[in-house]
Amino acid sequence: MFRTPITRPFLRASLLPLPSLHAVSPRPSITLSLRSPRRLPYASQQPFSTSVRRCVYGGNQYNRFNTSREPLLTRLLRNAKPHHFVIIGLTISGFYLYNTETVEMTGRRRFNCVSPKWELQMGVESYREVLNQERGKILPANHPLTVSVNRVLQRLIPQAQIEGADWQVHVIDEPQTKNAFVLPGGKVFVYTGILPICKDEDGLAAVLGHEIAHVVARHPAERMSGGFLTFGVVFLISLLFDISGQFPSLLLNLMYSLPNSRTQEGEADNIGLMMMSKACFDPGASVELWARMQQAEKQAPPEFLSTHPSSYNRMETIKGMLYKAEGLYEDSGCNVIRGFMPGFHQASSGW
């Protein structure tokens with residue numbers, strides 16, 4: 001057998017001389033090296049890089065887009081011009097002045113942005129909540145205490161101009177609670193614990209007159225409006241100064257909310273006293289009521305930390321208004337009515 005000689009053309013081709021690179025192209029020669037190529041700087045490998053920053057490993061990091069963003073309010077304030085602040089200030093001032101009104105019976109100016117319709121709706125919702133909360137404790141309508149409270153209320157209603165009122169009386173059997181309140185819309189709640197302090201119908205008229213006066217003066221709507229105002233101020237202060245809202249909230253509570261609440265209580269004392277006087281209840285009973293209330297108070301907080309004035313200060317303030325209340329009492333012919341109708345004034349011995 002003959003073996004065919006093995007030819008290796010690729011070996012022969014590799015032995016042929018290579019053409020000169022200079023003869024093919026005028027480009028400079030390229031030197032090849034068996035060593036690994038040198039790594040180019042990281043920044044030069046990223047042609048779209050706009051900034052170079054240190055990464056967590058100590059090298060450079062590509063940062064094409066800046067992902068850190070300022071709060072919207074901070075950016076707006078930083079970019080704002082002086083006339084922007086003027087416009088904002090005028091807008092807020094205009095809104096405040098537009099919603100400023102006068103309490104008819106006292107002449108006090110106050111901020112109120114809640115409409116009567118909205119206030120009545122709040123009263124309806126609160127009425128449902130109270131009924132659900134006090135379920136099983138409300139005395140029936142024919143109970144002697146409920147009848148007595150309703151009799152006092154019916155004499156006060158003509159003096160209370162409340163639009164859309166649907167008057168209803170509810171006496172809650174809870175002797176430990178010394179409280180009474182009237183919701184927007186004319187829903188009256190009286191706890192049995194306050195009846196001994198009232199002592200008689202004149203004292204009860206002082207309590208109900210005060211609570212009805214809150215609704216007549218639309219104090220619930222004013223308190224809600226003040227809450228909106230306080231919340232907005234606390235929110236802005238917290239954003240601008242990057243602090244907790246607790247400190248500005250406490251400060252505004254001491255400087256605005258609590259004093260305003262005490263002003264409303266004093267205003268309700270004034271309006272209620274005039275209402276009960278025109279309804280032929282003895283205005284002097286209001287002074288006696290607050291004297292008994294002062295004796296019943298236990299560990300009452302200081303007045304500047306309370307939503308109500310102290311009973312002593314209320315009593316002294318009412319004494320200063322008695323001359324006007326007694327004048328209304330006489331002008332209404334109450335002396336004649338009470339003299340000829342002994343049953344018109346009836347003290348309830350059951351209290």
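Visitor: Is Cys334 buried or exposed in this model?
Guide: In this predicted model, the relative accessible area of Cys334 is 0%. The limit for a buried residue is under 20%. Cys334 therefore counts as buried.

Visitor: Which residue does a disulfide join to Cys334?
Guide: A search of the whole structure finds one disulfide. Its two sulfur atoms lie 2.0 Å apart, S to S, where the cut-off is 2.5 Å. The residue joined to Cys334 is Cys280.

Visitor: How many residues apart are Cys280 and Cys334, whose link has -80 degrees about the S-S bond?
Guide: The link of Cys280 and Cys334 is left-handed, with -80 degrees about the S-S bond. This pair links distant parts of the chain: Cys280 is in the loop between α10 (246-278) and α11 (284-296), and Cys334 is in helix α13 (residues 334-340).

Visitor: What is the phi of Cys280, and is Cys280 buried or exposed?
Guide: Cys280 is found in the loop between α10 and α11. Its phi is positive in a residue other than glycine, with a value near 70 degrees. The relative accessible area of Cys280 is 5%, so Cys280 is buried. In short, the answer is a phi near 70 degrees and a buried residue.

Visitor: Which class of accessibility applies to Cys113, and which to Cys198?
Guide: Cys198 has a relative accessible area of 0%, whereas Cys113 has 26%. Buried requires under 20% and exposed over 50%, with partly exposed in between. Cys113 is therefore partly exposed, and Cys198 is buried.

Visitor: Where is Arg218 found, and what is its phi?
Guide: Arg218 is buried, with a relative accessible area of 16%. The residue is found in the loop between α8 and α9. Although Arg218 is not a glycine, its phi is positive, at about 60 degrees.

Visitor: Which residues does Glu222 touch, leaving out those up to four places away in sequence?
Guide: Glu222 lies in helix α9. Its relative accessible area is 3%, so Glu222 is buried. The residues that Glu222 touches are Arg108, Arg110, Phe111, Asn112, Asn260 and Gln264.

Visitor: How far apart in space are Leu183 and Val215, C-alpha to C-alpha?
Guide: Leu183 is in strand β6 and counts as buried, at 10% relative accessibility. Leaving aside residues up to four places away in sequence, Leu183 touches Gly123, Ser126, Tyr127, Phe189 and Val215. Leu183 and Val215 are 32 residues apart in sequence, and their C-alpha atoms are separated in space by 7.0 Å.

Visitor: Which residues of the lining are the closest to the centre of the largest pocket?
Guide: The largest pocket holds about 870 Å³ of space. Its lining comprises 33 residues. The closest to the centre are Asn179, Glu265, Trp290, His308 and Arg314.

Visitor: Which element gives the most to the lining of the largest pocket?
Guide: By class, this lining has 16 nonpolar, nine polar and eight charged residues. The contribution of the leading element is five residues. That element is α8.

Visitor: Which element gives the most to the lining of the largest cavity?
Guide: Two cavities of 30 Å³ or more are found in the whole structure, and the largest has about 60 Å³ of space. Each of α8, α10 and α11 supplies at least two residues of the lining of the largest cavity. The most, four residues, come from α10.

Visitor: How do the residues of the lining of the largest cavity divide by class?
Guide: The lining includes Ala206, His210, Asp269, Gly272 and Trp290. In the classification used, Ala and Trp count as nonpolar, Asp as charged, and Gly as polar. The residues of the lining divide into six nonpolar, three polar and one charged.

Visitor: What share of the contacts with a separation of 6 or more joins residues 24 or more positions apart?
Guide: The secondary structure of the protein chain comes to 13 helices and seven strands. Of its 351 residues, 34% count as buried. Among contacts in the chain with a separation of 6 or more, the share from residues 24 or more positions apart is 63%.

Methods:
Residues are numbered from 1 along each chain as its sequence is written. This is a predicted model: local features need pLDDT of at least 70, side-chain atom pairs count only at pLDDT 80 or more; totals for chains, interfaces and linings use all residues. Side-chain values use heavy atoms; hydrogens and water are left out. Buried means under 20% relative accessible area, exposed over 50%, partly exposed in between (1.4 Å probe, protein chains only). Contact means heavy atoms within 4.5 Å. On a 1 Å grid over the protein atoms alone, a cavity is a set of points where a 1.4 Å probe fits but cannot get out, and a pocket is an open set with protein on both sides within 12 Å along at least five of seven lines; lining residues have an atom within 4 Å of a point. Grid points are joined across faces, edges and corners, and a volume is the space filled by probe spheres set on the points.
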